[in-house]
Amino acid sequence: EKTWPWKNAANIHYQLLTTAAVQFQARAYPAIVDGSNLVKGRVLGPDDEQGTKRARATRIAQHMTWQLLFQMPGWEEDTDRLLLMLPIVGVCFRKNYYDEIRRTNCSAMVPAEHVVVNYWAKSLDSASRITHIKPMYPYEVRERISAGLWREVHLEQEEQGQDDQGLVDILEQHCLIDLDGDGYPEPYIVTLTKRGDIARIAPCFDAEDVLAMEDGTVVRI
């Protein structure tokens with residue numbers, strides 16, 4: 001019998017948050033994973049009488065749908081997990097990238113606890129540094145080193161874990177660095193260990209993205 005917040009108060013608990021999260025997931029999933037019609041192309045500008053743009057948009061949509069459903073293992077499972085975590089945690093991230101080891105496009109669900117960003121950043125686009133904490137197995141690190149993608153780095157196992165094949169945290173930082181010494185930092189992706197050993201630095205821009213000033217005019221290099 002309960003005496004708080006008043007005498008003989010009801011002693012029934014409903015799992016409202018869990019129920020609401022499951023309901024959100026159950027309704028949002030079929031709206032996003034719409035069978036074989038996941039990706040939809042949009043035609044910008046006028047189309048010709050033969051509908052060339054529309055036909056091309058349809059072909060691209062069908063190909064990307066096939067990629068998501070059959071070429072990216074785990075995409076559907078990650079989408080299902082994301083839609084359950086999102087209403088509970090409030091924010092989740094999805095990372096799309098090209099895996100140079102498996103030689104295929106990949107899509108991974110990244111929980112908020114694995115993304116570090118300045119608290120006052122208005123958006124990820126305006127943040128000067130974004131750090132993704134990537135738990136990886138030592139053999140995955142060795143694969144990238146052997147393939148010539150990473151430099152040799154020293155891995156520190158967690159003290160509480162004695163398994164030499166246990167997960168280790170690798171940091172992938174999207175940041176601004178002035179490597180050429182011109183006084184202006186450029187965007188790079190730096191991969192390093194928790195102790196600071198740099199495994200890779202990759203530019204986050206292409207050559208055609210570089211602009212220069214010539215005779216008072218901005219030109220593309």
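Trainee: How many nonpolar, polar and charged residues are in the lining of the second largest pocket?

Mentor: This is a predicted model, in which local features need pLDDT of at least 70, side-chain atom pairs count only at pLDDT 80 or more, and totals for chains, interfaces and linings use all residues. Residues are numbered from 1 along each chain as its sequence is written, and side-chain values use heavy atoms, with hydrogens and water left out. Ala, Val, Leu, Ile, Met, Phe, Trp, Tyr, Cys and Pro count as nonpolar, Asp, Glu, Lys and Arg as charged, and the others, Gly among them, as polar. By that division the lining has five nonpolar, no polar and two charged residues.

Trainee: Which residues line the second largest pocket?

Mentor: A pocket is an open set of points on a 1 Å grid over the protein atoms alone, where a 1.4 Å probe fits, with protein on both sides within 12 Å along at least five of seven lines; lining residues have an atom within 4 Å of a point. For the second largest pocket, the residues that meet this rule are Y184, E186, P187, F205, D209, V210 and L211.

Trainee: What volume does the second largest pocket have?

Mentor: Grid points are joined across faces, edges and corners, and a volume is the space filled by probe spheres set on the points. For the second largest pocket, this gives about 160 Å³.

Trainee: What radius of gyration does the protein have?

Mentor: The radius of gyration is taken over C-alpha atoms, and the globule rule is 2.2 Å times the number of residues to the power 0.38. The C-alpha atoms fill a box of roughly 85 × 65 × 40 Å along the principal axes. A compact globule of 221 residues would have a radius near 17 Å, whereas the protein has 24 Å.

Trainee: Is E172 buried or exposed?

Mentor: E172 lies in strand β5, residues 168–177. Buried means under 20% relative accessible area, exposed over 50%, and partly exposed in between, with a 1.4 Å probe and protein chains only. Because its relative accessibility is 12%, E172 counts as buried.

Trainee: With which side chain does the side chain of E172 make a polar contact?

Mentor: A contact means heavy atoms within 4.5 Å, and not counting residues up to four places away in sequence, E172 touches K95, I130, T131, H132, K134, I189, V190 and T191. A polar contact is a pair of N or O atoms within 3.5 Å; within protein, one must be able to donate a hydrogen and the other to accept it, and residues adjacent in sequence count only if both atoms are side-chain atoms. At 3.3 Å, the polar contact of the E172 side chain is with the side chain of H174.

Trainee: How far apart in space are Y97 and H174?

Mentor: Y97 is found in strand β1, and R102, T104, N105, C106 and A108 are its contacts once neighbours within four places in sequence are left aside. Y97 and H174 are 77 residues apart in sequence, and their C-alpha to C-alpha separation in space is 13 Å.

Trainee: Why does R103 count as exposed?

Mentor: R103 is in the loop between β1 (92–99) and β2 (104–111). R103 has a positive phi of about 55 degrees although it is not a glycine. R103 counts as exposed because its relative accessibility is 66%.

Trainee: Which peptide bond is cis, with omega near 5 degrees?

Mentor: Most residues other than glycine have a negative phi, and most peptide bonds are trans. In the segment before α1 lies N8, with a positive phi near 65 degrees. P5 is also placed in the segment before α1 (16–32), and the cis bond is the one from W4 to P5.

Trainee: How far apart in space are G41 and Q15?

Mentor: G41 is in the loop between α1 and α2 and touches R54, A57 and A61, not counting residues up to four places away in sequence. G41 and Q15 are 26 residues apart in sequence, and from C-alpha to C-alpha the distance is 40 Å.

Note on methods:
Helices (H or I, at least four residues) and strands (E, at least two) are DSSP runs, numbered from the N terminus.
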